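Here is a brief report on a structure. Look over the sequence and the fold, then read on.

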Amino acid sequence: MAVETTTRAKLRWGLLDVLVVVFALIPVLWIASLSFKTPATLTDGKFFPREWTLDNYKTIFETDQFVRALINSIGIALIATLVAVVLGAMAAYAISRLDFPGKGLLVGVSLLIAMFPQVSLVSPLFEIERQLGLFDTWPGLILPYITFALPLAIYTLSAFFKQIPWDLEKAAKMDGATQAQAFRRVIAPLAAPGLFTTAILVFIFCWNDFLFAISLTSTERSRTVPAALSFFTGASQFEDPTGAICAAAVVITVPIILFVLFFQRRIVSGLTSGAVKG
Amino acid sequence: MADIVLDKVSKSFPDGTVAVQDVDLEIADGEFVILVGPSGCGKSTTLNMIAGLEDISSGELRIAGQRVNDKAPRDRDIAMVFQSYALYPNMTVRENMAFPLRLAKLDKETINAKVDEAAKVLELTSLLDRKPANLSGGQRQRVAMGRAIVRQPKAFLMDEPLSNLDAKLRVQMRTVVSRLQKQLGTTTVYVTHDQTEAMTLGDRVVIMRGGAVQQVGPPQELYDHPRNLFVAGFIGSPSMNFLHAAVQDGSLRTALGDVPLGDRVRRELEAADAPRELILGIRPEHFEDAELIDDDTRRRGLEFDAPVEIVESMGSDKYVYFTVEGERASAAELEELAADAGSADFAGAGGNLVTRLSAESPVAEGQSRRVWFNLEKIHLFDPGTGRNLTLHEGRAAGALAD
């Protein structure tokens, strides 16, 4: 009897799970399917391609446009992530360890930035960057990315730092370490998983951004992949670029999916650490 | 190795609270001193100030004759054992113990030799390659001690090092700490809230309350000659019984009968500002079953009858709880002790009397029993100031002294 109910419950939950997963994944799978179709069968409405082809992938890697955008994307996201995590780590350490004047204000403002609708900042940023000559450059994107990634970094990292017992730092000092040595040799190694999680989250944020990428760039010099996709024309301008766009979308999605699947446990524990006492 | 001198050391916080007030303490080279008191009494703050983890607001701290107020912990050459052990989880036992030596930039061979030696003393040799996560509580505690002794510092500071261990292991580790301290002969300051630890470990005990030192002395002296109500109630387990006592015609009216007073106490009470109400304190072991004592002893005390509430037989003797009528003894100190013990009904302050009688006593629950108590061992306290009125030149003399 008991076994029956559990198998039935398992079945019911299994069905529900499948439903949710299918609902969430169908658009992604559809894009993947389109990317393997030939131009002739592109609009046939079939989920599984009748004729498989890799031409779309060949096309995008042959065009300068996509390769250049991919380089921009990787470069900009990496630099922004590095800076945001280093700055965020220092800020988070201070927030979790010290009681300095203006701490409440700092935390409040960083929360405010995270909540701010980005679209309302696009026009002022556009004007500012044009004045400063930052428009359509790498720093022109890196700077706003850092700004918006910092609150995320500070929040996740301070949750991590708060978990590290303060006694460890005191012990290190008693053992003869300077403040810097205590941080480098005792605190930082313990915070490494947190730094890593934060880096992944920030990287994904920068990698996926479309709004800033489309508004603050105008040429291939600094256009990232999400923005470049909307300018895609295919191999020649008379060709229908749908297949190529789909292929490009898959190319930039797959690394993120693999990343998240691989580090899933870490990211979840990073997001919830501090919220629940383990 | 060195002596530690606290000269009017105080700690106050920016919001005005005073954690430690004018602590004067001279700790001799090689001495084992215990700081004890209820939570919030300033004992840990005092220790942290000696360590350099907390700034000293006023006063002077000298280690080996040198003023160290403004020196960083690393320049004071003292080691500390934390309540949480504070082992570095990312390092093995060996690396944990070698950490202070590596920071001191010793060469590898010296480090290894010193770590091996300390590990041998603490029986950690087989655990050297493990991570702290794979150790038991007692083992972690020993590693923490190992990390402290390995670099032969001027002094050890220990912040409730045994309080995270279970009761049995705590007793065991107590002897380990004691033996280690004697073996090394290093000046040690040890903080605890457990009066048993304080009594058993230290050469001298410092009792603190509300940031101020109450009494300093060897454990037995604090037990026999408490300077005030707080010390009397804090030291001893089960704690001292406290009864309300009213001064009337040269004697004391208490729930145990009228207690006669000797000349010395009477003279104290003749002063104009002398209190009319007192608190009588007597320890459980100064009671005895009235049937079991000889006449000679009987003359030195008083007898009373009371209903027996609970009998706890310990084998060697019996703890007998009596219910006594009469007013409750009340004083700020007693309430504080009760709050610290976690009960509003502190054993000594209620209508309960705890006595320790001989195992031969045929006492049984529910009966009434005649009990004798020793008048020479009585303490009388002023409820307003907490002062022990029976203390003369540091010696408690009981109620009858002339």
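## Contact between the chains

How many residues of chain A are in contact with chain B? In chain A, 15 residues are in contact with 17 residues of chain B; contact means C-beta atoms, placed from the backbone, within 7 Å. On chain A, α7 (166-174) and α8 (179-208) each supply at least two residues of the side that touches chain B. α7(A) gives the most, with 6 residues. The side of chain A that touches chain B divides into 8 nonpolar, 3 polar and 4 charged residues. Here Ala, Val, Leu, Ile, Met, Phe, Trp, Tyr, Cys and Pro count as nonpolar, Asp, Glu, Lys and Arg as charged, and the others, Gly among them, as polar.

## Basis of the model

This is a predicted model: local features need pLDDT of at least 70, side-chain atom pairs count only at pLDDT 80 or more, and totals for chains, interfaces and linings use all residues. Residues are numbered from 1 along each chain as its sequence is written, while chains are lettered from A and ligands numbered from 1 in the order in which they are written.

## Chain B overall

Chain B has 11 helices and 22 strands (DSSP runs numbered from the N terminus: helices H or I, at least four residues; strands E, at least two). Its C-alpha trace spans about 75 × 45 × 35 Å along the principal axes. Among contacts between residues at least 6 apart in sequence, 70% join residues at least 24 apart.

## A mixed sheet in chain B

An open sheet of 6 strands runs β6-β7-β8-β3-β9-β10 in chain B, with mixed pairing (strands pair if DSSP finds at least two bridges between them). β6 (78-81) and β10 (212-217) of chain B stand at the edges with a single partner strand each, so one side of each has no neighbour in the sheet.

Within chain B, β3 (residues 32-36) and β9 (residues 204-209) run parallel, joined by 4 bridges. B:Val33 stands opposite B:Arg204 in β9(B).

Technical notes:
Contact = placed C-beta atoms within 7 Å.
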